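The notes follow the order in which I looked things up.

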Amino acid sequence: MRNILLIFLLTSALNAKVITPNDVYTLSVLIKEHVEFLLKHYAVKHHHDAIIEKGKIFSTKLKPRNTWQKTYEILVKINMLRNVHSLPRIEPVGIEATLELNPDMVYEMNQRILTELRIFEIRNNIKMPEFTLKKYDNKIPLDNYNMFINISSALDELNKRPLTPNYVYSEVMRIYDDLSIILTTLKIQDNSIPPQRNDAAQPKDVLQIAMKFLEKIAYLQNAVGIESVDFSEFNKKNATPGDAYTVTGLIISEMQTLKAYIGLTQSITPPATTFTNKKPAHVAQLMQWNLQRLYSINKLKRGR
């Protein structure tokens with residue numbers, strides 16, 4: 001009986017579908033087609049393709065974990081779409097910390113996004129055309145990330161509202177929660193206090209603090225042999241809350257490697273809490289506090 005079970009498990013593993021970035025990209029294009037049809041259905045003028053042509057695409061070597069976090073952003077914007085049409089919010093999915101996230105997980109998120117879009121279409125009695133699945137070759141995680149930049153911009157147009165500092169603050173609070181468990185696990189006493197708030201702070205200030213945060217994470221990653229990512233392309237002088245939100249997503253994705261390295265492989269970043277009346281000053285203050293707390297980590301200790 002034991003041998004039969006072993007043979008069954010081995011056969012199942014051999015028959016399991018191997019997901020590649022090409023498969024992920026096929027679904028990414030399908031998601032884009034769904035969103036673009038919704039733009040036409042609601043007669044919304046859209047220019048997201050022009051936005052991409054103006055240089056919002058990136059060329060740096062991103063990881064699947066970064067693309068996964070971008071799909072999380074898409075689910076947040078689908079929630080905004082539900083809200084616009086008086087449907088209740090659905091909590092975006094979380095994931096356990098890993099050192100290397102494979103394309104399978106991004107593929108799963110694409111399936112969730114498609115499901116949420118189809119639910120929205122059914123609830124609003126929208127008859128969608130039969131889209132043809134296209135096949136692609138030689139795609140890499142960066143191609144999917146850039147496709148989701150396009151989808152994210154299209155959803156902004158569909159929602160007729162961009163991400164606000166409230167949304168950014170929610171994600172920065174998730175960074176705070178992840179840092180708390182990391183500091184506790186490393187037995188680092190946190191005696192920090194929030195810095196003084198700069199009421200003149202703007203999204204560009206949040207972005208600059210966030211870039212320093214990513215630099216410190218890269219330092220910690222490189223010290224223990226975790227391959228880091230060059231995020232310098234994401235830095236910009238004129239930033240919007242949406243730009244700041246994107247970089248908080250990159251931070252959360254990179255922090256998962258730190259959590260996994262120290263043994264927090266079953267730790268899932270807590271879901272976002274809804275906040276109101278937050279301004280860039282509040283976001284910058286919390287982000288700066290997070291940076292202070294991150295600086296208290298001099299080195300990582302393997303496992304627990």
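I began with the second largest cavity, where α4 supplies the largest share of the lining, five residues. The model I am reading is a predicted one. I noted a volume of about 70 Å³ for this second largest cavity.

I then listed its lining. The residues are Asn66, Gln69, Lys70, Tyr72, Glu73, Tyr145, Glu171, Tyr245, Thr246, Gly249 and Leu250. The elements that contribute two or more residues to this lining are α4 and α9. Sorted by class, the lining of the second largest cavity comprises four nonpolar, four polar and three charged residues.

**Entry: the search as a whole**

I next asked how many cavities of 30 Å³ or more the whole structure holds. The search returned four of them. As a reminder to myself, a probe the size of a water molecule, rolled over the atoms, shows where empty space remains.

**Entry: the largest cavity**

I recorded a volume of about 140 Å³ for the largest cavity. Its lining consists of 16 residues, and those nearest its centre are Trp68, Gln69, Ile95, Ser253 and Gln256. I looked up which elements supply at least two residues each to this lining, and found α4 (64-84) and α9 (241-261). By class I counted seven nonpolar, six polar and three charged residues in the lining of the largest cavity.

I note that Gln69 is listed in the lining of the second largest cavity and is also among the residues nearest the centre of the largest one.

**Entry: helices α2 and α5**

I turned to the helix pair. Two packed helices are described by the angle between their axes and by the distance between those axes. For α2 (residues 21-41) and α5 (residues 103-123), the axes come within 9 Å and cross at roughly 20 degrees. Angles under 35 degrees count as roughly parallel, and α2 and α5 are therefore roughly parallel to each other.

Which residues meet between α2 and α5? On the α2 side I listed Pro21, Asp23, Val24, Leu27, Ser28, Leu30, Ile31, His34, Val35 and Leu38. On the α5 side I listed Pro103, Val106, Tyr107, Asn110, Gln111, Ile113, Leu114, Leu117, Arg118, Phe120 and Glu121. The contact of α2 with α5 divides into 14 nonpolar, four polar and three charged residues.

Conventions
Residues are numbered from 1 along each chain as its sequence is written. This is a predicted model: local features need pLDDT of at least 70, side-chain atom pairs count only at pLDDT 80 or more; totals for chains, interfaces and linings use all residues. Side-chain values use heavy atoms; hydrogens and water are left out. On a 1 Å grid over the protein atoms alone, a cavity is a set of points where a 1.4 Å probe fits but cannot get out, and a pocket is an open set with protein on both sides within 12 Å along at least five of seven lines; lining residues have an atom within 4 Å of a point. Grid points are joined across faces, edges and corners, and a volume is the space filled by probe spheres set on the points. Helices (H or I, at least four residues) and strands (E, at least two) are DSSP runs, numbered from the N terminus. Ala, Val, Leu, Ile, Met, Phe, Trp, Tyr, Cys and Pro count as nonpolar, Asp, Glu, Lys and Arg as charged, and the others, Gly among them, as polar. Axes are lines fitted to C-alpha atoms, for helices over the stretch in contact, and angles run from 0 to 180 degrees between N-to-C directions. Angles under 35 degrees count as roughly parallel, over 145 as roughly antiparallel, 65 to 115 as roughly perpendicular and the rest as oblique. Contact means heavy atoms within 4.5 Å.
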